[in-house]
Amino acid sequence: MIVNISNWRSLRVRRLLWTVLTVVFAPIFLVSTSQADLEGTGLTPEQEQELEFADKLLDAGFPDYAAIILEQLDLPAEVMAIRQIRSFTARGEFDAAREVVDQTPGDTQEALTLRLALADGYYAWGRYDEAQQIYEEFFDAFPDQPDESILPFFLSSSHRYAQMMIHTGNRAVAADAYRMALRAEPARHIERQLQSELAELLMLEARDAEEDAARDAFLAEVQELADEILWVQDLWFGRAIVLLAHIRVIQGDIDGAMLIVDDYTPQLREIDRILREQSEETGEDLTRLSPMAQCRYLIGEILHDRAMQIIEEDGNRDEALQLLIGRRASDGEQISGAVHHFLNVFIRYPNTSWAPHAGNRFRQVEELLYREFGRRIRAQVTSEQWEEVERAQFREARTLFNQGRFEEASESYIQVLNLFPEQSSSIPAFGELAASLIELQSHTMADAVIGHLAERFSENEDLSTEAGNQVTRIAAKYLDMNEHERYRATYDEFFAFFPRHPRTLLDLQRFASEARSGGDYDTALHFYSQIVRDFEGSSAYYRALSNMARIYRSQDDEERKVRTLRRLIREMTEADVRSHLRVNALYRLANTLRGMGDAQVDLARQMFGQVRQLLEGDNASDFASNEEEANANQQFLEGALFYTAVMDAMRTTVADRDRERLEQQANRELSDEEILSNFYKARAIRQFNQLVERFPASTFAPSALSQIGTLNTFLGRAEEASTALRRLERDYPDSREAANAAFLIGRNLLDMDMRDDAVEYFSRMFDGDADFSVAQILSAGQELLEAEEYRIALTAFERVIAQSDERRYVEPARIGKGQVLFGLARYEEAAAWLDEVIEDYPRSGRTIVISRTASEAHAALASQKEDGSERRALFNRAVDLMRRAQQFADEPAEQVRLEVAVAGILERRADSEARFGSSTRAREFRNEALAAYQTIMMFRDASDPDIAPHIQRAFSRAVPMMIEMERWQDVFEDAQAYLEYFPNGRYAGDMRSAITTARTRGDITE
């Protein structure tokens, strides 16, 4: 079946992708474990072509795109299995890959192939121990040359194993793996690659060998391999020449090394010429593969080192000079010196790894010539040439990075950055090195790179901005990978080292805002504090202080809130900052102070006075930058007038200075009652009237008229009170105050802590002769019930029940009476009353509240009964009523609330059994209650803001029960879970105490 390519943008894009995958991602020589599994599978040519395309996508690191093709191919199971493994390992899903491998046990070709594919995946992710175990099992199965059918896999695995051993520093095992691959008699071109790589590895061993015998043995094997390679003139031929020259260098035969290079120079030039021609044809710089660069660098190195030795030993200086700058031979031919070789490599081969070394050596020779001989070199290495070499060196590493070959990219970046540690191009290289290490899960090394990038470049005026950008890009990569802790840690580095980076302030504000929105107030305060520390005097500085004050309010920390607002106001005033935020802060501080009692009333009045001064002055427009702020300022002005009057209305103590002034005016002593009534409350009436007259459209106007009516009622001014209430109903008919004008007088009396006056007022209101509608009395009763003024509310509900026969009034009144009886702890009356309500209204729209309250009443009554059968019947009735409520609960939050209530009934039943009945039964019910709470804790959605309070309630009940039962592990785990779900929750302090208790009393450490 041919793959339907409709999911791709176009056939042209598909062809282009095929070309890129074929050229860029194809292995140089060796086959992979997925390239030799098609023989005998019976696939059509079209299927094989599509499968090859999918394999190249997997090689390129695009498992998701490969899956699009594989899902549409009807592949044999043995062909599909290896792709599944490669796809799983490409995503890092090794458990899933292992499951595919385990489905084919034994040592068959298919089983071995699948295990090798898994090993390849481990190798790609840097999980070398796991990869090594599989490779070794594979090689142990074939101590001699394997069967021909398994040769491709044996060969590729031997090579990959050798590479892994080199990476882990185990050269001896790597060399054995190369030898093992060569015993498999690979194709000639593959054999030459393996011989060359083995020879280079052995050369490193010889260089580091401490004993002569070991070094000679390594060199002998290198010589043998190089002689084999020299039979064919290709890229490996050039490397063999370098190897032979290196042998002579290690043996101390410098002349012999140079003679070898000279003898083979014609062949090296021919290889170099061919590579240059191919570069022109393909557009790709293939001179990076030229052996000429390494050979010329080697000659220059030999000449430079010999010249240095002569100078240090005070030898023939003319000879040293000729070694450095060259000489003319007897036949007139110019013989190059070290400086020419280094310059040639640097200029002609900028893409090779030898170019930067040649550049550094050139500068050393240049300095040496001037220091020792007073000679200057005409040819100079320009900054442009250095930049070209620099770009070329980073180009290869970046290509590997872009191809997703992260291990090779990281090694390449490390090499190049050692050569170019502090150039402008080094900055993105450090960033991509860190990204490569992150992809390889090498987080410790990535952290080191991030730290180096931040510390090394943060103080560099020219490079700090780009360095900071790279750190934030690394952080963004962690965020994309859902590594939130590392994301935060990387940004902490950024904030610590780049306080003046262009994006620091914006990111600090973003982090602070996100933390505050998520309820993580401590984190938000951390970021706002950094803004306050580093950006003093800026608009962001003032906003940060303002937001800190808001957080303190959310934490109920009034002291720090007031202190922060005072600081904000003081500094904005001293700097003459004219902004909406200054008015906002003044208003918030005044509002906070007025809620702190009579001791702060005068200071609150002063703050409200400052609000008025700013907004009523000639420069009022300076404090708003747009229409929205202007409207808000208008609200602040109206609020300042209103709350100044409210403070006078609610005042219960007399300020000494007011007493002194008023008594002086009256020429006698005055009682507190006289001053409170005739001065403060009278002044409040004037201020309320002023607000209504100046701002009749104000949202505060209806409430001001209500307050005027209340105060005049208290002062015995019935006509003035009536006038205010009539105006309220006439001018503001849609307001809440107008709908409940009469009731609000009583409610205002309660708010002013004049409870006896309120009770008397409500008693008159609910008296049978009073001229109030049933609806007004019902509304008053419901408000009083909500305020927990149960006795007055009971009078209201009984008045409605007695006065009306309309269900719309009677039903809510009867329910309200039941709730009031329960609130008054008259449980037997409440239970009987609500049972009658349920019987009369079986399908009420208020069934949930009726049944829930009735259930709670029956449970409370049951807990008082000593008789077991009576107690059991009442508890069962309570549970049945709660189940009835659950049947009508559609909203998830209400459902969870009722589940918590059922658990509470079980808990109450356990307590009553412990008090009056059986300890065994008490234990059973306690376990049932705990199980009910834990079900809510485990299976309900804690992220739902409507459900969360009920889940928190379940935690708050369950954890103390577990402490009582000494279930310490459960205490520890559940309290930890609470803090994870609700780090700033209502019961967070209790949960931390529970964890401490579990650790001390239960010896819990994990």
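Before we start, a word on terms: a helix here is a DSSP run of H or I with at least four residues, and helices are numbered from the N terminus. Also bear in mind that this model is predicted.

**Stop one: helix 27.** Select residues 558-574, which make up helix 27. Its 17 residues reach 24 Å from first C-alpha to last, close to the 24 Å expected at 1.5 Å a residue. Now colour its buried residues: Lys561, Val562, Thr564, Leu565, Leu568, Ile569, Glu571 and Met572. Show what lies over them, and you will find that the cover includes helix 26 (539-554) and helix 28. Then step just past the end of helix 27 to Asp576, which takes a positive phi of about 50°.

**Stop two: Asn584.** Move on to helix 28, residues 580-594, and pick out Asn584 within it. Is Asn584 buried or exposed? Asn584 has a relative accessible area of 11%, so it counts as buried, the cut-off being under 20%. Leaving aside residues up to four places away in sequence, Asn584 touches Arg550 and Phe636.

**Stop three: a helix pair.** Finally, select helix 41 (827-840) together with helix 42 (847-862). Their axes are 8 Å apart and the packing angle is about 145°; the crossing is left-handed. To see the contact, show side chains including Leu834 and Ile838 from helix 41, and Ile850 and Leu861 from helix 42. By class, this contact has 11 nonpolar, 3 polar and 2 charged residues.

Note on methods:
Residues are numbered from 1 along each chain as its sequence is written. This is a predicted model: local features need pLDDT of at least 70, side-chain atom pairs count only at pLDDT 80 or more; totals for chains, interfaces and linings use all residues. Side-chain values use heavy atoms; hydrogens and water are left out. Axes are lines fitted to C-alpha atoms, for helices over the stretch in contact, and angles run from 0 to 180 degrees between N-to-C directions. Helices (H or I, at least four residues) and strands (E, at least two) are DSSP runs, numbered from the N terminus. A crossing is left-handed if the near helix is turned anticlockwise from the far one by less than a right angle, and right-handed if clockwise. Contact means heavy atoms within 4.5 Å. Ala, Val, Leu, Ile, Met, Phe, Trp, Tyr, Cys and Pro count as nonpolar, Asp, Glu, Lys and Arg as charged, and the others, Gly among them, as polar. Buried means under 20% relative accessible area, exposed over 50%, partly exposed in between (1.4 Å probe, protein chains only). The expected span of a helix is 1.5 Å times one less than its number of residues.
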